[in-house]
Amino acid sequence: MSHGPRSGLAAVSAALLAMSRHLEVRDVLKTIVASARELLGAQYAALGVPDDHGGFAQFVVDGVSDAQWKAIGPLPRQHGILAAMLQEAKVERLADVRNDPRFEGWPSAHPDMSDFLGLPIRDGDEVIGALFLANKNCPKPEGGCGFTEEDEDLLAILAQHAAIALTNARLYERSRELTIAEERSRLAHELHDAVSQKLFSLRLTAQAAAALVDRDPARAKGEMQQVAALAAEAVDELRAAVVELRPAALDEDGLVATLRTQIQVLDRAHTARVTFDSHGVRALPAAQEEAVLRVAQEALHNALRHSGAQHVDVTLARCGTAAVLRVTDDGSGFDPSSTRRAGRHLGLVSMRDRASGVGGALTVESAPGKGTTIEMEVPGG
C-alpha cells in the first residue's frame, strides 16, 4: 500500500469506527464495502451475504453507479471465484481474475476487472459473507497483482471486525423484531379479554331486551339503552387498541427510518430487489405517518406476492407542502378498471381510504405487462 504506518493505522481505525456507528444490517454492509475500497485503494468493492439456495441474500457494491448496477441485471449466483471463497473459506489474490480457470464470465454491462483480492467473512466456523476488491489503483507489476500481502493482511483485519459488526447488527434487528412481536402478542391478549367481556355482556343484555319486548316494553327499552352503551364501550376499547397497535418503531425512529428498516427486511426475504430512497421529508403528524406506512406495506405486499416483479422501488419525498410516497414495480401489472369490475381490489380500497382519511389522495397507474406505480400524497411534508 502507499499509506505510511501512521496513515494506514488511522485509515483502519476510521474504517472500524465507521462500522461501529451503524446497527442496521444494510448500513453496516455498505460501510464495510466503502471502507474496504477506500482503505485498499481499489476501483471496485463488493460484499455478498449467501443464502441457502445458491444465491445471495444481500449483495452490496461500491464503485459502481446505480445506472451500471441496474444494467448488470440479477444478482450473481454462488459460482466461480465467489463459490470458492464461500465453500473453501480461503483468500483469493489474483493477477487477473479473467485468466483464472474458475472464471465464468460476467454480464455485458459488468465493469471490466483484472487484479482481484477476496476473502471470506467468518463468524467462528461459519462463513457469513465474502468481501472482495478489484482493480487496485496503482502501477501493476508485469504479470503480477496490484494487491499486496499487506493489503491482504489489512483486509483480513477489516473482515474480522466486519463479522462482529454484521453479527451485532443482525442481533439488534432480531431483538427488535422479537420485542415488537412480544408487544403485539400482549396487546392481542388484552384486546381479546377486554372486547370479549364487552361483547358477552352486550349479547346477554340484548337477549334480555328481546325477552321483555312483549310483556314489559319499558324495561326492554332500558335494556336496549344498555346495549347501546355497551356497544359504545366496545368501540372505545377497539379504538384504544388500534391507537396502541401503532407500530412502535414509528414512535421511536420516525417514518423514514421505519420504512427503510422494513424494506431492508423485505429485500433480504425476497428474490426481488427492493430499494428505498427518501429526501426532504419532515416529520409528519402521527396519523399521517401511520397511513403512509400502511399504504407502503400493502403496496409492497401486492408487488412481492402477486406481480412477479424483479425490482420494487419505494421513494418518499417532499413535494412542495406535501409528502409523496411512490411504490413502483416492474411486475406483470393489471388493468385497474377490470380489477374493480371483477370485485378484486388488491387492497386498493383500503389504501384509498387510508389516504383520504388523513386528507391525502392515492393514484394507481398500471397496465398488463407494464408494471405498477402506486402514489400517495399527504399534506404536511
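The crossing of helices α8 and α9 is right-handed, a crossing being called right-handed if the near helix is turned clockwise from the far one by less than a right angle, and left-handed if anticlockwise. The structure is a predicted model, in which local features need pLDDT of at least 70 and side-chain atom pairs count only at pLDDT 80 or more, while totals for chains, interfaces and linings use all residues. Residues are numbered from 1 along each chain as its sequence is written, and side-chain values use heavy atoms, with hydrogens and water left out. The protein chain has eleven helices and ten strands, where helices (H or I, at least four residues) and strands (E, at least two) are DSSP runs numbered from the N terminus.

**The pair α8 and α9**

- Helix α8 covers residues 255–269 and helix α9 covers residues 286–306, and the two pack at an angle of about 15° with their axes 11 Å apart; axes are lines fitted to C-alpha atoms, for helices over the stretch in contact, and angles run from 0 to 180 degrees between N-to-C directions.
- That angle makes α8 roughly parallel to α9, since angles under 35 degrees count as roughly parallel, over 145 as roughly antiparallel, 65 to 115 as roughly perpendicular and the rest as oblique.
- On the side of α8 the contact is made by L255, T258, L259, Q262, I263 and L266, and on the side of α9 by E289, V292, L293, A296, Q297, L300 and L304, contact meaning heavy atoms within 4.5 Å.
- The residues of this contact divide into nine nonpolar, three polar and one charged, on a scheme in which Ala, Val, Leu, Ile, Met, Phe, Trp, Tyr, Cys and Pro count as nonpolar, Asp, Glu, Lys and Arg as charged, and the others, Gly among them, as polar.

**The five-stranded sheet**

- Five strands form an open sheet in the order β2-β1-β5-β4-β3, with antiparallel pairing; two strands pair if DSSP finds at least two bridges between them.
- Strands β2 (56–62) and β3 (92–94) stand at the edges, and each has a single partner strand, so one side of each is left without a neighbour in the sheet.
- From one strand to the next, the twist of this sheet averages 15°.
- Strand β4 (residues 116–123) and strand β5 (residues 126–136) pair in the antiparallel sense over eight bridges, and the bridge partner of R122 in β5 is V127.
- Helix α4 (residues 80–88) packs on the sheet, where it touches β1 (42–50), β2, β3, β4 and β5, and its direction makes about 140° with that of β5.

- Helix α4 is mostly covered, with seven of its nine residues buried, buried meaning under 20% relative accessible area, exposed over 50% and partly exposed in between (1.4 Å probe, protein chains only).
- The buried residues of α4 are G80, I81, L82, A83, A84, M85 and L86, and what covers them includes β1, β2, β3, β4 and β5.
- A89, which follows α4, lies in the loop between α4 and β3, and its phi is positive, about 50°, although it is not a glycine.
- At 23% relative accessibility, A89 counts as partly exposed.

- L47 lies in strand β1 and, at 0% relative accessibility, counts as buried.
- Leaving aside its neighbours within four places in sequence, L47 is in contact with L29, I32, V33, Q58, F59, V60, I121, A130 and L131.
- The C-alpha atoms of L47 and K30 are separated by 8.4 Å, and these residues are 17 apart along the chain.
- N135 has its place in strand β5, where its phi is near 60°, a positive value in a residue other than glycine.
- At 10% relative accessibility, N135 counts as buried.

**Strands β8, β9 and β10**

- Strand β8 (residues 322–329) and strand β10 (residues 372–379) run antiparallel and are joined by eight bridges, with V324 standing opposite E377 in β10.
- Strand β9 (residues 361–366) pairs with β10 in the antiparallel sense over six bridges, and the bridge partner of A361 in β10 is E377.
- The hairpin of β9 and β10 has five residues between the strands, and in this hairpin G369 takes a positive phi near 80°.

**The chain as a whole**

- Of the 381 residues of the protein chain, 40% count as buried.
- Among contacts in the protein chain between residues at least 6 apart in sequence, 63% join residues at least 24 apart.
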